[in-house]
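Student: I would like to learn how to read a protein model feature by feature. Could we take each idea in general terms and then look at the case at hand?

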Amino acid sequence: MSGKYLVTGGAGYVGSVVAQHLLEAGHEVVVLDNLSTGFREGVPAGATFVEGDIRDAGKWLDASFDAVLHFAAFSQVGESVVKPEKYWENNVGGTMALLGAMREAGVRRLVFSSTAATYGEPVSTPITETDPTAPTSPYGASKLAVDHMITGEATAHGLGAVSLRYFNVAGAYGAQGERHDPESHLIPLVLQVAQGRRDAISVFGDDYPTPDGTCIRDYIHVADLAEAHLLAVEAATPGEHLICNLGNGNGFSVREVVETVRKVTGHPIPEVMAPRRGGDPAVLVASAATARERLGWNPSRADLAGIVADAWEFTQKIAKER
């Protein structure tokens, strides 16, 4: 059954891929984005685009919308440390305004783009939703604050909500892929070395308690992630705030990622050793059992080489368009 959805931050990486999946499923999609970090060309054809801020969502939200999928947030961990006020104002204040607009319009379903950064240093592996939340950055803290806000909204006002805590999202889907500026994610950074846009990739620490000494992360294909959002919309239950981790349940080290990029691209990738970064856990791997059980979600694109190949194809495509 088709519906009408508002996708906030739908000109960004994940939001644009989710918008594309919604369109392919036959839904009507309105993308709301202020383009502060998103890209107009990332909005999929077929979606209605509104350039605006989530604080003004009430201008466009009305009872004709079936749900909101909320991706509009600043997400640079390092920046959040030096500009925490930016993250509180936008991620928390903006979401509070959005929740008020939804309440006023009678839109009672929400899927929220949360993050594994809400957990901070993990106490166990794989991480489950019942593990302690102790974010180590204002970015993670802002996302956790929103999760608490949503829980209150569900309890007090009957909102049906699902928060999806992503681990490391990568890959590309059709015309949508990573266009971050500046880029901070490992796979696109290594691909920039393959393109000749960087001289080498920095490896931050090789003395972690892992098989090759480098950090291990759980990588999830952005298309698998998008499919989880469509399932989450259907699973949203009035008065309940469901929280689900999204990951593949296994991890790859920094050196494994670099070696995979070498194989996929055929380019040598020089490495430069650098000191550990503060707050980088040795291993971050998700348990996605809740998403499987409650959403019926089964990621099918767990192969790292396939994820890198899709990202490489997209990276080459946008390089030709520049």
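Student: In which sense do β5 and β6 pair, and over how many bridges?

Tutor: Start with the source: this is a predicted model, in which local features need pLDDT of at least 70, side-chain atom pairs count only at pLDDT 80 or more, and totals for chains, interfaces and linings use all residues. Residues are numbered from 1 along each chain as its sequence is written, and side-chain values use heavy atoms, with hydrogens and water left out. Helices (H or I, at least four residues) and strands (E, at least two) are DSSP runs, numbered from the N terminus. Two strands pair if DSSP finds at least two bridges between them. Here β5 and β6 pair in the parallel sense, over seven bridges. R109 stands opposite G160 in β6.

Student: Through which helix does the chain cross from β5 to β6, and what is the handedness?

Tutor: A crossover is right-handed if, with the strands pointing away from the viewer, the path from the first strand over the helix to the second runs clockwise. The chain goes from β5 through helix α4 (residues 138–157) to β6, and this β-α-β crossover is right-handed. β5 also has a parallel partner in β4, joined by three bridges.

Student: How many residues of strand β5 are buried?

Tutor: Relative accessible area sets the classes: buried is under 20%, exposed is over 50%, and partly exposed is in between (1.4 Å probe, protein chains only). In β5 (residues 109–115), six of the seven residues are buried, so the strand is largely enclosed by the rest of the structure.

Student: Which residues have the most contacts inside the largest nonpolar core?

Tutor: In soluble globular proteins, nonpolar side chains tend to be buried together. A nonpolar core is a set of buried Ala, Val, Leu, Ile, Met, Phe, Trp, Tyr and Cys residues joined through side-chain atoms within 4.5 Å. The largest one in this model has 39 residues, and those with the most contacts inside it are V14, L69, L164, L246 and L295. Elements that each supply at least two of its residues include β1 (4–8), α1 (13–24), β6 (160–166) and β11 (241–246). Helix α6 gives the largest share, eight residues. For L246, contact (heavy atoms within 4.5 Å) is made with residues including L164, F167, L225 and W297, leaving out residues up to four places away in sequence.

Student: Is Q192 buried or exposed?

Tutor: Q192 has a relative accessible area of 11%, so it counts as buried. Q192 is part of helix α5 (residues 186–195). A polar contact is a pair of N or O atoms within 3.5 Å; within protein, one must be able to donate a hydrogen and the other to accept it, and residues adjacent in sequence count only if both atoms are side-chain atoms. The side chains of Q192 and R198 make one of 2.6 Å. Beyond four places in sequence, Q192 is in contact with E183, R197 and R198.

Student: What is the relative accessibility of R301, and where is R301 found?

Tutor: R301 counts as partly exposed because its relative accessibility is 27%. R301 is in the loop between α8 and α9 (304–321). Its side chain and that of D224 are joined by a polar contact of 2.7 Å.

Student: Which peptide bond is cis?

Tutor: Most residues other than glycine have a negative phi, and most peptide bonds are trans. The bond joining T125 and P126 is cis, with omega about 0°. P126 lies in the loop between β5 and α4. On the phi side, L35 has a positive value of about 65° although it is not a glycine. L35 is located in the loop between β2 and β3 (48–51).

Student: Which residues does UniProt list for the domain?

Tutor: UniProt positions are given in the numbering used here, feature names are shortened, and annotations may be inferred rather than shown by experiment. The unreviewed UniProt entry lists residues 6–240 as "domain: NAD-dependent epimerase/dehydratase". That span is 36% helix and 18% strand, and its end C-alpha atoms lie 20 Å apart.
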